[in-house]
Amino acid sequence: MAKEGDMSLYQDVLEPFRRVINTDPPKEKLSASAKMNFTDSNQSIKEGLSNLLSIGKRKSSLSMVDATPDKRQRTESCSASVPPSPWEAKRMKIDLIAAKAQITKLEARVNHQHTIRKEMQILFEEEKASLTEQHKRDERALSDMEDRLNIIRRREQEIKDELSESIKEHREYKTKWEGEKSELQKQIAELKDKLLEANVSNKDQISEMKKDMDELLQALEGAQSEVEMLKKELAKQTSRAEQCTALRTKLEKQTFELQQVTSKLKEIQYEKDSYKDWQQQAKTAQKRLTNMAELEKEVARLRATERSLRDSICNKLLLEEQVHQLTARLEALQPAQQELHEAKVKLASLESSLAEWKAAARAHGADSARALAAALDHALTNQLTAVAGHSQAQSQLAAVTEETATLKYERDKATTKLNDLQTVRKSQESLIHRLQKRLLLVTRERDSYRQQLDCYEKELTVTLTGEGGAAGSAALLAARVEQLERALQGYRDLLAMQDQNSHATVVEALRADVSKWRDAAEAARRDTAKLRAQRDNLQGQIERLSVPTTKVIHLADNPAALAHKQVQGDLEAANEEIKKLKAALREGGSGGCPDELLQIKQQLENSQIKLQRMKEEFTSSAQEYRDVCYMLLGYKVDRTGHKNYRISNMYAESAEEYLTFTLCDDGIEMVHTDYSATLEELVELHLHHHRSIPLFLSALTMELFTRTTMQQDSDEG
Amino acid sequence: MCMYSLLSYYFVSSFIPLNNYFKMSQQQTKNSITLRGSAQIICEYLKYAINSVLFQRGLYPPETFKAEQQYGITLLISEDAQIKSFLTNLLTQSEEWIVKKKVSKLSLIILNVANKEVLECWDFNVQYEDGDAALSKEKNETVSSKELKKIQQEIRDVMLQVAATISYLPFLDCRCSFDVLVHAKTDCDVPEKWAEAEPVAIQNAQNVQFKAFSTGLNKVETVVSYKLID
């Protein structure tokens, strides 16, 4: 491109030359030689040009141009050697002139071309300079670019270094962080270990606590079992106690029976004694057998007595039957009597309640049941009317609340109106006051004018009358002045008086007004307070009565409902259980726990049998003991009461002959009886002297025995 | 703990500036609370408050409760499945209603199971506020610009007051249970599994008002009324 550009530039530069060369035809016509030369030169130029065009070298063409003057000089020297003819000379001169002209022309052209060349040179140099400058600039730019490249490279290097550094840093940080991370993980692991340990310790503790709890539970169970055992034992004990009490009652019964038996025994003894008597009587009868008649008589008598006795026995049986019947009837009648009693009691209570009812009825003004019913109906109707009245009253209340609201509104309006009126009145009062004042002033003015008029009239009369003497006029003037001054003073006084009076009265009136209005305001305020309270009350009532603006909703299966349901279920279950248990209780032991009951019953039977046996054994052994004692020691010992013993001897003549002893703290003492009174000797001797009861008793036995044997002996004898 | 989080925040921000920018942008959007968000905050408060009351009043054995960190304090949450399901059912529905502004009050009542007598009533009055007007216009929906931290602070104050009630509320010496009554507007539909209930009244009641908290869109007042035993 640069070359092409250069070429075009060259062509542009050479264009004038070409033009110069092409515009040469007139010169070619001038001379052949010259033509020749010039053609040569032209040719050379053309060649040069062609060369220049083909090779592009300026210098060569320029050298060719420089060579042309040399050639011209040579051609000139060649022409000078030939001798001149006149025509030729002329012609030569012409030619010379022409040549000279041509030379000058050519020189001019050469000069011109030189100048052109110089211009060209200058141009080229300028071009060159510009090109060199451009070149330099390019170089500079290149160097700049290189510098920049270097800088960039350096920067890149730096950046690379930085990158590597940052990578290094990053790695360091990474390692650091990893270290930290590992540390933290370690910490976490430690914490986890700790947690595990804590968990383990907790678990241990929990297990320990559980163990403790188990132990406690076991202890509790043990305690409960103990409690149950104790309860059982208690039950046993109570059963035993019951048994004991039963035994005791049985014992008492037995003792009672024993007593009965003893009493029977006594009776038997008594019979025995009577038998002895009979024996004695038989003895006596035997004695009397000798006299048979007597005996027969006695037999008859005895038979009669026996018959009578039998009759009496029959009677006794009859009586016993009757007694039995009567007792049965009594037993049958007793519940009837009880019922009678109960009925009486009930009657009494009913009567009392009736009396109360009657009293209550009387208190309410109703003497009879119908009146009471009527009164009740009346009361009910009254209640109904009262309810109706209540509803009416409520509606009235609503109406009243509305009325109060309207009244309040009206009252407010009225108060505002009142205030307006008050202000108007005040303003009017003040106006009136002002007008009154003005009226007073006007009247005064009028009065003063009148006086003045009078004065003027007087003056006129005076002047009319007093024109005669000057001295009189002066005196008159003075008098007039005096009069006027007096009048002025009077006015002043009057004015002051009027002012004071009017002011005081006005103030008083105003004060009275103010107090009155204050009272009114106070009353109004009280009214408002009352009305406000009433309104608040009514609003509260209305709010209570009014329908709520919100509705209350909740989840259907809320915890409260669930809990309630559960409680009701529990309650029902408990009730059913109670019913079941009650039924079981009613059914009795058969349904409850038959095994235990049977066992207990068996035990009871066993124990009863045992008791029976023991009782039998006891009675038999007691009887045996008593018999043995009686047989060995000759005394029958009866316990008559607490610490009292009655002993009767085997050989005693009658049942009356017995002795009584009481057990004291320091031994046994004999109690005085009718029989003991007959044994004074023995008592004196053995008890008082020897102080021995056994001795006394054996002595008594001995004596009685000797007595009976003596009697027998005597009987035998 | 706060210090630690701050430090970690600093640590992260110094190395990852992009993340920091992200956080910044997140923080800018954080301050707007929508209606839904407000309802969620309230329902969360209700959940913790009801659980707290159940624990404090001893309605359920303490071992069925689990400690949880919330609002910067430790609160106890029941682990009983029945209570959990009841509360979730209740609160999801309540949230819808609060968003639609249908609820005026929620009452937690504690009653004697044997005779259904109401012994205590915990009223949560829900009021509706306008929120931040300028921000609402910008966002094209009703929002509040109140900071979440401040709301939580307010809730914490209320929770502490609730915890302190144990010192003066009377001892519940009978078997008790609880129920939650929703005071909704009359035009509100009753959904499935819900039923209308009677409004409760406590004889000789004593009222104690707690601090109120507000999300900017809703204001919740807590009042406990209990039977005064003389």
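A polar contact is here a pair of N or O atoms within 3.5 Å, where, within protein, one must be able to donate a hydrogen and the other to accept it. By this rule, in what is a predicted model, eight residue pairs, both members at pLDDT 80 or more, are in polar contact across the interface of chain B and chain A, whereas zero salt bridges are found across that interface.

The interface brings 33 residues of chain B into contact with 21 residues of chain A, and the two chains bury about 2300 Å² between them, of which 65% lies on carbon and sulfur atoms. On the side of chain B that touches chain A, two or more residues are given by each of helix H1 (2–15), helix H4 (81–99), strand S4 (103–112), strand S7 (176–185) and strand S8 (194–196) of chain B. The largest share of this side, nine residues, comes from S7(B). Sorted by class, the side of chain B that touches chain A comprises 20 nonpolar, six polar and seven charged residues.

When residues up to four places away in sequence are not counted, B:Met159 touches B:Tyr45, B:Tyr48, B:Ala49, B:Ser52, B:Tyr71, B:Ile73 and B:Leu75.

Terms used: Residues numbered from 1 in each chain as written. Chains lettered and ligands numbered in written order. Predicted model: local features only at pLDDT ≥ 70, side-chain atom pairs only at ≥ 80, totals over all residues. Heavy atoms only, no water. Contact = heavy atoms within 4.5 Å. Buried area = accessible area lost by both parts, 1.4 Å probe. Salt bridge = Lys/Arg side-chain N within 4 Å of Asp/Glu carboxyl O. Polar contact = N/O pair within 3.5 Å; in protein donor to acceptor, adjacent residues only side chain to side chain. Helix = DSSP H or I, 4+ residues; strand = E, 2+ residues; numbered from the N terminus. Nonpolar A, V, L, I, M, F, W, Y, C, P; charged D, E, K, R; others polar.
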